Every structure is written in C-alpha cells, then in structure tokens.
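The stops below concern aromatic rings and the charges over them.

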Amino acid sequence: MNAFFVGGLGTLLLLGLPVAFALALLAVLGMYFFNGGTFAFMQIPIISYKSLDDFSLTALPMYVLMSQVLVVSGVGRDLFEMASRWFRHFPGGLAIATIFCCTIFSAISGSSVATALTVGAVALPEMVKRGYRKRHVLGLLAAGGTLGIMIPPSVPMIIYGSVTGESIGKLFMAGIVPGLILTVAFMAFAAFQGRHLKETPASWPERMESLKKSIWGLLLPLIVIGGIYTGLFTPTEAAAVGVVASFAIAAFVYRNLTKENFEQIVISTVKTNAMILFIIIGAMLLGYIMTILQIPQAITTYATSQDISPWVIFIFINVALLILGMFLETISILVITLPILFPIITALGFDPIWFAVIMVINMELALISPPVGLNLFVLKGLDRSNTIDEIVKGVIPYALIMLAFMVVLSFFPEIATFLGDNVE
C-alpha cells in the first residue's frame with residue numbers, strides 16, 4: 001500500500017502533472033480503491049473546505065501581497081545602495097553588503113525567490129563589474145535568497161503552524177536567531193572570498209542619505225516582528241499591518257503605485273496564493289486517505305519501536321528531506337511530509353518548534369539543490385550567460401555552512417527556542 005502512494009506520486013510527477021493535482025489525483029484513486037469506491041468522493045468538498053478553514057492561513061495571502069508590493073516598489077534597489085555605501089570599504093565589502101541586503105529584504109518579503117530575483121537584478125552586474133568572480137556572486141545570491149524563508153515573516157513557518165497546530169508567533173520568533181547566525185556566517189565566507197577587493201569608503205553624508213532613502217524598508221520588519229514579540233498584535237494582524245505599511249511606502253514614499261503596477265501586484269499575488277492553497281488542498285486530501293488507512297500511525301509505531309537512538313531516526317529524516325528537496329519545491333515537501341514526520345518527532349521527544357527550524361534549513365537547501373532548486377533557475381533567468389553548473393559550484397560552500405549549522409542546532413536547540421518563550 002505504501003508502494004502504491006510513493007510509486008503513484010513519483011509516476012504522476014514524472015509525467016509532468018503539477019504537484020497539487022498529482023496529490024489530489026492520487027488521493028482520489030486511493031479513496032476509490034481502498035475506501036469504499038465512489039461513495040468516499042463525498043468527502044472531497046468537505047476536506048477541501050476544512051483544509052483552508054484555518055484562521056492562521058489568513059496571514060498567508062497578506063504576507064504574499066506585502067512581498068509583491070515591495071518587489072514592485074523598488075525597496076530592494078535602495079537597500080542595496082545603502083548597504084553598499086556602509087560596507088564597501090571592508091575587504092569583500094560589496095559581498096557583505098549583498099548578504100545584508102538579502103537579509104533585510106527577506107525580513108520584508110518572506111520570499112526566497114523574490115529576494116534572489118530583486119537583489120540579484122541589482123547586485124549581479126554591479127559586483128561583476130567591480131571585480132568579483134561571477135561564480136562567487138551567483139553562489140552568494142542564491143544562498144542569500146534562501147534567508148527569505150527563515151527570517152520572519154516566513155511562508156513555510158505559516159504552513160508548518162497550520163498543519164501542526166503550533167503557534168505561528170513562536171515559529172516566527174524561532175527563525176530570528178538562526179537566520180541571523182546564518183547571515184553572519186554567509187557574510188564571513190563571502191568576505192573571505194572577496195578579501196582582495198576593497199573600495200573607497202563612502203562619505204558620511206552619502207551614507208546618511210542612503211539610510212534616509214531606505215529607512216522605511218528597514219523599519220517595516222521591525223514593526224512586524226516587534227509588534228508580534230511585544231504582543232501588540234498577532235502574526236495575522238501583523239500581516240495586515242505589513243500590507244497597509246507596504247502600500248503606504250509604495251504610494252507615498254516611492255510614489256510608483258500606478259494602475260499597471262497595481263494590476264501586476266494583484267495578478268502575481270493571486271497566482272502565488274492559488275498555487276500554495278491548491279497544494280495544501282491536494283496534500284490534505286492525500287493525508288485523509290492515508291490517515292484512514294493508518295499509514296502515518298504505522299510509520300510512527302515502527303519508527304518509535306526500533307531499538308535505535310532517536311538521533312539515528314532524526315538523521316534518516318534529514319537525509320530523506322534533502323533527497324526530496326532535489327525534486328520538489330518547499331511548500332510541497334512541507335505539506336506532504338509533515339503529517340507523517342510530526343507525530344514521529346513528537347513521539348521521539350524532540351521539540352516541535354526546534355524541528356520547524358531544522359525543516360526550514362532543509363527547505364533552504366532545497367531551494368539551491370539541483371535539478372529543481374528554484375533559486376538556481378531565478379538566477380539563471382537574470383542573465384542567459386549564467387549556467388546552472390556555474391551557480392551550483394558557487395553555492396556549494398553555502399550549502400555546507402547550512403549543514404554545519406544544522407549540526408550545531410542539533411546540539412544547542414535553545415538557539416531556536418529561547419526567543420519564543422514569551423510569545424503565545
């Protein structure tokens with residue numbers, strides 16, 4: 001029976017069927033053959049409705065909308081210019097500035113693809129022109145873009161909370177310190193690669209001018225995260241505040257919220273949300289039939305009954321996630337695996353908030369893993385002369401940094417959990 005679902009999903013994906021429809025079709029076939037034939041189809045609309053009838057999911061379309069507004073408004077360009085003026089006089093300073101810009105834009109948009117695309121469009125030509133090796137630039141942009149799903153607001157964290165019932169506020173807080181540690185590690189390595197490149201320092205008036213232009217982009221994540229941490233508003237309310245603030249920035253600061261831009265924002269937001277929500281529906285339908293057949297329960301019982309260390313099972317889980325990351329995108333991996341992995345993790349005594357950060361690091365690796373890492377294709381699309389091989393070679397050191405940090409996080413889970421203690 002397990003072979004039916006695993007083999008069936010693999011076959012449908014190889015045939016080129018979109019993930020959402022592959023999951024739903026497999027669920028329908030499972031209902032027909034294993035759960036009473038066509039009578040079971042009556043559950044489809046009920047499950048579909050219930051899978052989206054979750055208040056925590058209301059934040060999802062708003063954070064996606066906020067990211068689209070900021071991508072169109074040009075915040076990324078000003079952030080890069082500000083970071084360049086403040087860091088370029090250090091050895092490898094422009095590389096440091098690029099990672100810093102990726103971090104801030106990630107905290108604003110919550111999207112890895114948006115971060116890699118927006119910052120990459122500005123940073124790639126500038127860094128290559130100033131003597132940085134193209135392979136190194138592509139690697140740091142691909143890796144820097146992944147910070148978008150760790151530093152809140154984070155779409156994968158919202159999905160994790162929706163599927164597992166964990167507090168999204170705690171999940172957001174859990175991503176802050178690991179995200180900042182990865183940022184510093186990326187900066188250190190990028191600076192080492194570009195240590196022979198150093199530019200004339202910007203004057204203090206130039207620095208303050210750039211800071212003034214980008215101040216609203218810097219303040220937005222502080223407003224969203226600060227409001228959640230202090231209890232001023234919930235993560236869902238924070239999303240609404242972020243949307244209003246982003247529209248205000250686009251309309252009154254950058255003054256580029258035209259009719260054409262607004263249409264682009266709405267269409268991109270609808271497409272992205274529809275893709276995510278259809279995947280959730282498909283995964284929930286598949287989860288229903290698997291639960292009826294007690295597949296997750298059987299896997300959990302088997303895993304916890306083995307006379308081996310829980311850490312061995314944890315390693316196997318991470319290897320499986322890394323392999324899945326080579327072929328599926330992040331949302332699909334989360335909604336497919338969490339109904340199975342979450343009971344195992346909790347039964348083994350691991351902290352579910354800590355495991356969320358572990359999963360997100362795995363999802364970061366998925367974004368830069370061939371053959372289907374989204375950030376690889378985003379950067380290839382910026383310039384036809386970019387090759388996937390060149391980008392992969394550039395990003396390998398950053399992938400190793402992520403893996404090393406995952407090991408550190410396994411020994412010191414408090415890195416991820418201590419901030420969330422004061423958040424509901």
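Select phenylalanine 314 and phenylalanine 350: both are buried (under 20% relative accessible area, with exposed meaning over 50% and partly exposed in between; 1.4 Å probe, protein chains only). This is a predicted model, in which local features need pLDDT of at least 70 and side-chain atom pairs count only at pLDDT 80 or more, while totals for chains, interfaces and linings use all residues. Residues are numbered from 1 along each chain as its sequence is written, and side-chain values use heavy atoms, with hydrogens and water left out.

Rings of Phe, Tyr and Trp (its six-membered ring) pair if their centres lie within 6.5 Å; planes under 30 degrees apart count as stacked, over 60 as edge-to-face and the rest as tilted. One of the pairs joins phenylalanine 247 and phenylalanine 262, tilted, at 6.2 Å centre to centre and 45° between the planes. Phenylalanine 247 belongs to helix H12 (residues 235-253) and phenylalanine 262 to helix H13 (residues 259-292), 15 residues apart; helices are DSSP runs (H or I, at least four residues), numbered from the N terminus. Colour phenylalanine 262 by accessibility: it is partly exposed, at 42% relative accessible area.

Finish with two arginines. The charged end of arginine 195 sits over the ring of phenylalanine 192, 4.1 Å from its centre (CZ of Arg or NZ of Lys within 6 Å of the ring centre and within 35 degrees of the ring normal). Arginine 207 lies over the face of tryptophan 86, 5.7 Å from the ring centre.

Technical notes:
Helices (H or I, at least four residues) and strands (E, at least two) are DSSP runs, numbered from the N terminus.
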